Amino acid sequence: MTTTTHDHHDDHAHHGPAKGLARWLFSTNHKDIGTLYLWFSFAMFFLGGVFAMVIRAELFQPGLQLVEPAFFNQMTTMHGLVMVFGAVMPAFVGLANWMIPLMIGAPDMALPRMNNLSFWILPFAFAMLASTLFMEGGAPNFGWTFYAPLSTTYAPPSVTFFIFAVHIMGASSIMGAINVIATIINMRAPGMTWMKLPLFVWTWLITAFLLIAVMPVLAGVVTMMLMDIHFGTAFFDAAGGGSPVLFQHVFWFFGHPEVYIMILPAFGVVSAIIPAFSRKKLFGYSSMVYATASIAFLSFIVWAHHMFTVGIPFAGELFFMIATMLIAVPTGVKVFNWVTTMFRGSLTFETPMLFSIAFVVLFTIGGFSGLMLAVAPADFQYHDTYFVVAHFHYVLVPGAVFSIMAAAYYWLPKWSGRMYNETLGKTHFWLSFVGVNVTFFPQHFIGLAGMPRRIPDYAVQFADFNMVSSIGAFLFGASQLLFLFIVIHTIVAGKKAKAKPWDGAEGLEWTVPSPAPFHTFDTPPKVD
């Protein structure tokens, strides 16, 4: 009897909470894994940012000064790949891991071991991708969209490692998505019906279905590339009966839903933050759910708007033009609902709210330039110019990245138990806000004036706007170091957060009377 008790205690001593490195390596805890994802994406955000700084430094003035054109092309490729697959997507998966179980009342994610695996394969994938920079022939140099035959017939030897890295990232995404779906469907608290789910949970559920639908398509297209490069097939080689345009169709059938994978969770984040700082319920909850679902559906039938200039049939251009414009409708519904949520709310402007409002305004600008690009005949002029660069950066930087920053500030007190420094947070916001606009707004102009993208040199008439753009980029990049400082300072030395950190924000208690009903506006107030 005594031996069994002793064994039991001994066993418990060995299998208690893991300490140090083991805690992180073997963790099946959704909070730890969420933290790992968030720190990993932060690291990738800085790596991708360094690549962007090289690009903007080269474009600071006309002529070739810093880097070889070949290396410039490697930078544009690596910047895009690292930011999309390394920074934005893992950040949202980290937010999902941290918040979904808490929001639905689940003890953890449904598949905790797979959760651990889906994270830990990522550092290896990106280490392999980054290592291509040191290989003979250099890193991939064919753009983040890796169009064949540039990525097959004319590719550097490192393309094989790139293909393997993409496969691993895709496997990670699929596992993460399966986990999210299994968790939300099976582990909601009793009474939490579908239309009671927080919107962040809804947006992630829909995003997870998108991931499962399109990640295998990406795997397929890189496998076809691998076959073309090493096994003598000709999927994308016209000489062998294949077609380079086939590559574009398969890539963009993945690539277009992918951009919605990067923005739908952002919608969820903003839909949590704006009501909190407006002290009001979200306006039009069910319409937000239906809008999210319709955006996800439409994202599958617009892929060829990336291909207006390759010579698709007129009927095809017409269809893809109209389908693309249709996406503006549910998106407009969302923007309307966010603005209406703020309307006559008791607003305060803490850092998460500032990032969220900037998200709504600047994401809408990106949406309008997207509508311009959707007009097929006009797109012949815009295509492959800096106007496209301005458009998708307005969607992805103030869109995806700002919402991730908003989420970090909003939930950091919950994650760490400590409060960040509000003054520093606001400083970070304004530096980022100014930096982003100074960087990307002028690119609309140089794009409309005809400056092509992905080129390390340019005609002298584009010099002024490029210099402005580069200065903005250096400002935005440098201000992220402040963000890093804020996060570390909060975790290490932040003041203890209150149980409900946003209740008394700026001294504004929740006991404030709710805004007066609309009819009180009908008669002017009495004046003594």
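## A quick tour of the helices, rings and loops

Phenylalanine 146 lies in the loop between α5 and α6. This is a predicted model, so keep that in mind as you look around. Let's start in that loop, then move on to helix packing and aromatic rings.

- Phenylalanine 146 has a phi near 30°, which is a positive value in a residue other than glycine.
- Is phenylalanine 146 buried or exposed? With a relative accessible area of 1%, phenylalanine 146 is buried, because anything under 20% goes by that name.
- Proline 149 sits in this loop too, between α5 (112-131) and α6 (159-186).
- Take a look at the peptide bond that joins alanine 148 and proline 149: it is cis, with omega at about 5°.

**The loop between α13 and α14**

- Aspartate 384 is found in the loop between α13 (376-382) and α14.
- Phi of aspartate 384 is near 60°, again a positive value in a residue other than glycine.
- Aspartate 384 has a relative accessible area of 36%, so it counts as partly exposed.

**How helices pack**

- Two packed helices are described by the angle between their axes and the distance between the axes.
- Helix α12 (residues 351-374) packs with helix α14 (residues 386-416) at an angle of about 160°, and their axes are 8 Å apart.
- So how do α12 and α14 run, roughly parallel or roughly antiparallel? They are roughly antiparallel to each other, because an angle over 145 degrees is given that label.
- The way α12 passes α14 is a left-handed crossing.
- What kinds of residues make up the contact of α12 with α14? They divide into 19 nonpolar, eight polar and no charged.
- Now for α9 and helix α11 (residues 314-342): their axes come within 9 Å and cross at roughly 15°.
- That makes α9 and α11 roughly parallel to each other, because the label is used for angles under 35 degrees.
- The crossing of α9 and α11 is left-handed.

**Aromatic rings**

- How many aromatic pairs does the count come to? There are 52 aromatic pairs.
- One of them brings together phenylalanine 267 and phenylalanine 359, whose ring centres are 6.1 Å apart and whose planes are at 85°, so the pair is edge-to-face.
- Phenylalanine 267 lies in helix α9 (residues 264-278) and phenylalanine 359 in helix α12, so the pair ties together parts that are 92 residues apart in sequence.
- Phenylalanine 267 and phenylalanine 359 are both buried.
- Next up are tyrosine 410 and tryptophan 502: their ring centres are 6.1 Å apart and their planes are at 15°, so this pair is stacked.
- Tyrosine 410 is in helix α14 and tryptophan 502 is in the segment after β2 (495-496), so the pair links distant parts of the chain, 92 residues apart.
- Tyrosine 410 is buried, with a relative accessible area of 14%, and tryptophan 502 counts as buried at 10% relative accessibility.

**A charge over a ring**

- Which ring does the charged end of arginine 188 sit over? The ring belongs to tryptophan 194, and the charged end is 4.0 Å from its centre.

**A tyrosine on helix α10**

- You'll find tyrosine 290 in helix α10 (residues 285-298).
- Tyrosine 290 has 56% relative accessibility, so it counts as exposed.
- Tyrosine 290 and proline 330 are 40 residues apart along the chain, and their C-alpha atoms are separated by 8.2 Å.

Conventions
Residues are numbered from 1 along each chain as its sequence is written. This is a predicted model: local features need pLDDT of at least 70, side-chain atom pairs count only at pLDDT 80 or more; totals for chains, interfaces and linings use all residues. Side-chain values use heavy atoms; hydrogens and water are left out. Axes are lines fitted to C-alpha atoms, for helices over the stretch in contact, and angles run from 0 to 180 degrees between N-to-C directions. Helices (H or I, at least four residues) and strands (E, at least two) are DSSP runs, numbered from the N terminus. Angles under 35 degrees count as roughly parallel, over 145 as roughly antiparallel, 65 to 115 as roughly perpendicular and the rest as oblique. A crossing is left-handed if the near helix is turned anticlockwise from the far one by less than a right angle, and right-handed if clockwise. Ala, Val, Leu, Ile, Met, Phe, Trp, Tyr, Cys and Pro count as nonpolar, Asp, Glu, Lys and Arg as charged, and the others, Gly among them, as polar. Rings of Phe, Tyr and Trp (its six-membered ring) pair if their centres lie within 6.5 Å; planes under 30 degrees apart count as stacked, over 60 as edge-to-face and the rest as tilted. Buried means under 20% relative accessible area, exposed over 50%, partly exposed in between (1.4 Å probe, protein chains only). A charge sits over a ring if NZ of Lys or CZ of Arg is within 6 Å of the ring centre and within 35 degrees of the ring normal.
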